Amino acid sequence: MAVVAREAGVSVPTASKVVNGREDVAPETRRRVTEALERLGYVRRPRFEAAKARGLVDLVVHSLESSWSGAVLHGVEEAAHDAGLEVVVSAGLTRTRGGRPERGWMDKLTTRGSSGVLFNLAELTPSQYTWLDQHRIPFVMIDPVVEPPQNVVSVGAANWQGGVSAAEHLLALGHERIGCIGGYRRKMCSSARIAGYRSALTSAGVRNRHEYVRHGDFDETTAYHRMLELLDLPEPPTAVFVCSDKMALGVYQALAERGLRVPDDMSVVGFDDLPEARWASPGLTTVRQPLSEMAATAMRLLVRMMAGEQPEGTRTELSTRLVERASTGAPRE
């Protein structure tokens, strides 16, 4: 560390922070230390052998507050059990503050010495990707927020095809004025679902109306307000594709407050097929994405990577399918 610090023109503690993945280092200082490490041919001593011996992996999730997370945990747990692995779950460590992920999970990962990581709904910084690569820690992204670097392994659902299926179902029922409420604009899955919806309308010769597409943040409250905006249009839609089941519940609330019935006055299609879709009244027609299967697939890929294998491709997509319930019907005359 003394040699590295002298080469980079920094203190020994600062050089040590960079080597150990600490984030409380200025970007320019980190760059100088990283370049010094490369010039000197520094090879980090293995720190993960104890964890590999007992089979410890980390699952870093956005939160544990939804049935969505519960389905992911179920899939990871089953696949980990089959592989004889233990899983440590860290929740909420990748939420952003001022556009930057919170610090801390890398230090905890180093302390535990986990031999692999699964990230669920995470958005990592370039320095975090670099840290994982430098420490040779295999990792897999489950449903990444934004498009990850080309060499990063990820597992998701066929979101574009799911959007197509939702719109085609409503078109087949006779709807032409079909609205869409998406999630975050930047989120990869939301933009793919909206793109699929638009493609289905275009293929059917139905005009895409920009005013019919609204964006929320995957919660009931914003979806409630976006639905009210659609209802207040001079020519409101007769059906709406909502890009998550959770948001669909907010749509139900907005329609009920306006005295509108589902599906008599408005057909609604969700996305996910969470338990809430079956509990809603009427039951929600939705696009099922195989959350537990996605998580289990990611776990199995991680196990192979921990054994030194490289997956054939970096992106794995599992198929989606439409589940018809009572929330959709033909438009009123």
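The model is predicted. The protein has 333 residues, of which 53% count as buried, and its secondary structure comprises 13 helices and 14 strands.

**Overall build**
- Taken along the principal axes, the C-alpha atoms fill a box of roughly 80 × 40 × 35 Å.
- Of the contacts between residues at least 6 apart in sequence, 72% join residues at least 24 apart.

**Packing of α2 and α3**
- Helix α2 (residues 12-19) packs with helix α3 (residues 27-40) at an angle of about 80°, and their axes are 10 Å apart.
- This angle makes α2 roughly perpendicular to α3, because angles of 65 to 115 degrees count as such.
- On the α2 side, the contact involves Thr14, Ala15, Val18 and Val19; on the α3 side, Thr29, Arg30, Val33, Thr34 and Leu37 take part.
- The residues of the contact of α2 with α3 comprise five nonpolar, three polar and one charged.

**Cysteines**
- The structure holds zero disulfides; a disulfide would require cysteine sulfur atoms within 2.5 Å.
- For Cys189, the closest cysteine sulfur is that of Cys243, at 7.9 Å, which is too far for a bond.
- For Cys243, the closest cysteine sulfur lies in Cys180, at 4.2 Å, and this too is too far for a bond.
- Cys189 counts as buried, with 4% relative accessibility, and Cys243 also counts as buried, at 0%.

Conventions
Residues are numbered from 1 along each chain as its sequence is written. This is a predicted model: local features need pLDDT of at least 70, side-chain atom pairs count only at pLDDT 80 or more; totals for chains, interfaces and linings use all residues. Side-chain values use heavy atoms; hydrogens and water are left out. Axes are lines fitted to C-alpha atoms, for helices over the stretch in contact, and angles run from 0 to 180 degrees between N-to-C directions. Helices (H or I, at least four residues) and strands (E, at least two) are DSSP runs, numbered from the N terminus. Angles under 35 degrees count as roughly parallel, over 145 as roughly antiparallel, 65 to 115 as roughly perpendicular and the rest as oblique. Contact means heavy atoms within 4.5 Å. Ala, Val, Leu, Ile, Met, Phe, Trp, Tyr, Cys and Pro count as nonpolar, Asp, Glu, Lys and Arg as charged, and the others, Gly among them, as polar. Buried means under 20% relative accessible area, exposed over 50%, partly exposed in between (1.4 Å probe, protein chains only).
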